[in-house]
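Open the model in your viewer and keep the selection panel at hand. The stops below say what to select next and what is there.

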Amino acid sequence: MRTPRALKRSIWVFHLNTGSCNACDIEILDVLAPFMDAERFGVKLVASPRHADVALLTGPITRETLPKVVNALRAMPRPRLVLAIGACAVSGGIWHDSYSVIGGFPRLKKILEENGVVIDRVVYVPGCPARPEAIIYGLAVLVGLLKKKVRKEVKEAGER
Amino acid sequence: MVKPILKLITVAKEAGVVTRKYPYDSPLLTEEFRGKIEIDASICWGCGACVKACPSNALTIRESMDVRELVYFAGRCIFCGRCADVCPTGAIKVTKEFELATEELEDLEQVVIHRKVKCPICGKHFVPQPLGRYVCEKCAKGGVPTYMMVCPECRRKVGVKKMIRCKGG
């Protein structure tokens, strides 16, 4: 997919914590701090979803935060991009079968579609927590600087 | 006003540049770092020890009629490395791969397909072939077992029939 036109300029990110343990959030702070310095790519943290191009979504989306998350994502302008950071945001992580969480972004996406909120592009960044480098790599994939490396592998046992 | 700024400049000069040029440079990886696991399909038995050890159910087993699939989903993995510790054959290795960002969740899957042994009597599939082969090799030391590759149910039935015959029934 081609890079959305809005992202040819600086990427403004909004940090959206949906009930995570704060490990991924600290890694996001590391990304924005001078050591990893994501401002090299024009990444800037903004306080309101109305200003943001990308939502940095962490956590497994608890039932308590669900309406707030939907509201925040609805407030974002199109193209609406999401970077799901951490094992919890990707697929629920260790909470995947818990009663009190929605269980990752794929399930939230369905709820959003029912509510008429379109997400234009999602990039999943696994890791528990995701390394700062992994987050930068995810951002680069989202923007179109780098290409993804992983691919589905199916192997037959006993083949030598 | 100017003096503190001048002081800052000297401090900054002493510190130098700390920013890492990551996507264009190598990442900062220590020796203890654990990333995605890799399953060597040529040694894996399909015993399921890693599935029991996995705290987040990233490793699961999918059973069907004649195939047992070991599925590793990196999206749920917390990179604890317990599966590598418990693996009896050393088929699971922890790599330093962490650049797993992707748009589709299917890319994060790794599947190892094990064909099951077919029972010669009832035709049921019951155990992965490499695991069956290993058990045979281990048991062959004390005389070759007769009904080794027969499924447990059939083995029981055949055993009972044999016993009855021995008693002269």
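## Stop 1: a strand pair in chain A

Select A:V82 and find its bridge partner in β5(A), which is A:V122. Now step back one pair: A:L81 has A:R121 as its bridge partner in β5(A). In total, five bridges join β4(A) to β5(A), and the two strands run parallel. Strands here are DSSP E runs of at least two residues, helices are H or I runs of at least four, and both are numbered from the N terminus. Two strands count as paired if DSSP finds at least two bridges between them.

A word on the model before moving on. It is predicted: local features need pLDDT of at least 70, side-chain atom pairs count only at pLDDT 80 or more, and totals for chains, interfaces and linings use all residues. Residues are numbered from 1 along each chain as its sequence is written, while chains are lettered from A and ligands numbered from 1 in the order in which they are written.

## Stop 2: the sheet of chain A

Five strands of chain A form an open sheet in the order β2-β1-β3-β4-β5, with parallel pairing. β2 (44-46) and β5 of chain A stand at the edges; each has a single partner strand, so one side of each lacks a neighbour in the sheet. From one strand to the next, the twist averages 30°.

Buried means 20 or more other C-beta atoms within 10 Å of a residue's own; exposed means 12 or fewer; partly exposed lies in between, and C-beta atoms are placed from the backbone.

## Stop 3: helix α5 of chain A

Select residues 132-143 of chain A, which make up helix α5. The 12 residues should span 16 Å at 1.5 Å a residue, and the end C-alpha atoms are 17 Å apart, which agrees. The expected span is 1.5 Å times one less than the number of residues.

Colour α5(A) by burial. The helix is mostly covered, with 11 of its 12 residues buried. Among them are A:I135, A:I136, A:L139 and A:L142. What do the buried residues of α5(A) pack against? Show α1 (23-32), β3 (54-58), β4 (81-85) and β5 (121-125) of chain A: those are the elements they pack against. Contact means C-beta atoms, placed from the backbone, within 7 Å. Then click A:G144, which follows α5(A) and has a positive phi, near 105°.

## Stop 4: across to chain B

Go to A:V154, in strand β6 of chain A. Four bridges join β6 (residues 153-156) of chain A to β5(B), and these strands run parallel. A:V154 stands opposite B:V111 in β5(B). Leaving aside neighbours within four places in sequence, A:V154 is in contact with B:V111 and B:I113. A:V154 counts as exposed because it has 12 C-beta neighbours inside 10 Å.

Now show the whole interface. In it, 38 residues of chain B are in contact with 42 residues of chain A. On the chain B side, β5 (109-118) and α4 (129-139) are the elements that give two or more residues. β5(B) supplies the largest share, six residues. By class, that side has 21 nonpolar, 10 polar and seven charged residues. Nonpolar covers Ala, Val, Leu, Ile, Met, Phe, Trp, Tyr, Cys and Pro; charged covers Asp, Glu, Lys and Arg; the others, Gly among them, are polar.

## Stop 5: zoom out

From the N terminus on, they run β-α-β-β-α-β-α-α-β-α-β. The radius of gyration of chain A is 16 Å, close to the 15 Å of the globule rule for 160 residues, so chain A is as compact as a globular protein of that length. The radius is taken over C-alpha atoms, and the rule is 2.2 Å times the number of residues to the power 0.38. The C-alpha trace spans about 55 × 35 × 30 Å along its principal axes.

Switch to chain B. It has five helices and six strands. A compact globule of 169 residues would have a radius of gyration near 15 Å, but chain B has 27 Å. Its C-alpha trace spans about 110 × 35 × 25 Å along the principal axes. Finish by colouring both chains by burial: buried residues make up 44% of the 160 residues in chain A and 26% of the 169 residues in chain B.

Key: Two residues are in contact if their C-beta atoms, placed from the backbone, lie within 7 Å. Axes are lines fitted to C-alpha atoms, for helices over the stretch in contact, and angles run from 0 to 180 degrees between N-to-C directions.
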